[in-house]
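Biologist: Can you walk me through this one? I'm new to it.
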Amino acid sequence: MSILTSIYQFLMSLSTAFIENWQMILTDTGVTLYIVLASTLLSYLFGIPIGIILVITSKDGIRPMPVLNSVLGVIVNLLRSVPFLLLIFMIMPLFIVCRF
């Protein structure tokens, strides 16, 4: 069997799976877009005010407040690493199974 035949069969099975499950695919795409938009909105609602507060309370800011700036800076720096930690936990089983 040639490589072109294998590719053709794969694409046919993929198109068949899409046709059979198109409603579920559309529904799940809508849910994914909803989650992305909701998280983007929350990021803007919290991130922009915190960023403005950090700039205003910095050493050279309009109203220097070193304690508030330090506390907010630590919180922001800790939360910034959460997505990377989630990624590490998600791919960790791959390294355990594959034994690279």
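This is a predicted model: local features need pLDDT of at least 70, side-chain atom pairs count only at pLDDT 80 or more; totals for chains, interfaces and linings use all residues.

Biologist: What would the radius of gyration be for a compact globule of 100 residues, and what does the chain have?

Modeller: Such a globule would have a radius of gyration near 13 Å. The protein chain has 24 Å. Its C-alpha trace spans about 70 × 40 × 20 Å along the principal axes.

Biologist: And the surface? How much of the accessible surface belongs to carbon and sulfur atoms?

Modeller: 78% of it. The accessible surface comes to about 9,000 Å².

Biologist: How many helices and strands are there?

Modeller: The protein chain has 4 helices and 0 strands. Along the sequence the pattern reads α-α-α-α.

Biologist: Let's pick a helix. Where is α3, and how far does it reach?

Modeller: Helix α3 covers residues 66-80, which is 15 residues. From its first C-alpha to its last it reaches 21 Å. That is close to the 21 Å expected at 1.5 Å a residue.

Biologist: Which residues of α3 are buried?

Modeller: Asn-69, Leu-72 and Gly-73 are buried in α3. They sit on the same side of α3, because they cover an arc of only 105 degrees around the axis.

Biologist: What about the other side of α3?

Modeller: There, Val-67, Leu-78 and Leu-79 are exposed.

Biologist: What covers the buried residues of α3?

Modeller: The cover includes α2, residues 22-56.

Biologist: Now the loop between α2 and α3. Is Thr-57 there buried or exposed?

Modeller: Thr-57 does lie in that loop. Its relative accessibility is 4%, so Thr-57 counts as buried; the cut-off for buried is under 20%.

Biologist: Which residues is Thr-57 in contact with, leaving aside neighbours within four places in sequence?

Modeller: Thr-57 is in contact with Arg-63, Pro-64, Met-65, Pro-66, Leu-68 and Asn-69. With Asn-69 there is a polar contact of 3.1 Å between the two side chains. Asn-69 is also one of the buried residues of α3.

Biologist: What else does the Thr-57 side chain reach?

Modeller: The backbone oxygen of Ile-53, at 2.7 Å.

Biologist: What about Lys-59: buried or exposed?

Modeller: Lys-59 is in the loop between α2 and α3 as well. It has a relative accessible area of 74%, so Lys-59 is exposed. Exposed means over 50%.

Biologist: How far is Lys-59 from Met-92?

Modeller: Their C-alpha atoms are separated by 41 Å. Along the chain, Lys-59 and Met-92 are 33 residues apart.

Biologist: How far apart in space are Phe-46 and Gln-9?

Modeller: 49 Å, C-alpha to C-alpha. In sequence Phe-46 and Gln-9 are 37 residues apart.

Biologist: And Gly-47 to Val-36?

Modeller: Gly-47 and Val-36 are 16 Å apart in space, again C-alpha to C-alpha. They are 11 residues apart in sequence.

Biologist: Last stop, α4. What can you tell me about Leu-86?

Modeller: Leu-86 lies in helix α4, residues 82-98. Its relative accessibility is 52%, so Leu-86 counts as exposed.

Biologist: How far is Leu-86 from Ala-17?

Modeller: Leu-86 and Ala-17 are 31 Å apart in space, C-alpha to C-alpha.

Methods
Residues are numbered from 1 along each chain as its sequence is written. Side-chain values use heavy atoms; hydrogens and water are left out. Helices (H or I, at least four residues) and strands (E, at least two) are DSSP runs, numbered from the N terminus. The expected span of a helix is 1.5 Å times one less than its number of residues. Buried means under 20% relative accessible area, exposed over 50%, partly exposed in between (1.4 Å probe, protein chains only). The arc is that of the directions from the helix axis to the C-beta atoms. Contact means heavy atoms within 4.5 Å. The radius of gyration is taken over C-alpha atoms; the globule rule is 2.2 Å times the number of residues to the power 0.38. Accessible areas come from the Shrake-Rupley method with a 1.4 Å probe; for residues, only the protein chains shown count as cover. A polar contact is a pair of N or O atoms within 3.5 Å; within protein, one must be able to donate a hydrogen and the other to accept it, and residues adjacent in sequence count only if both atoms are side-chain atoms.
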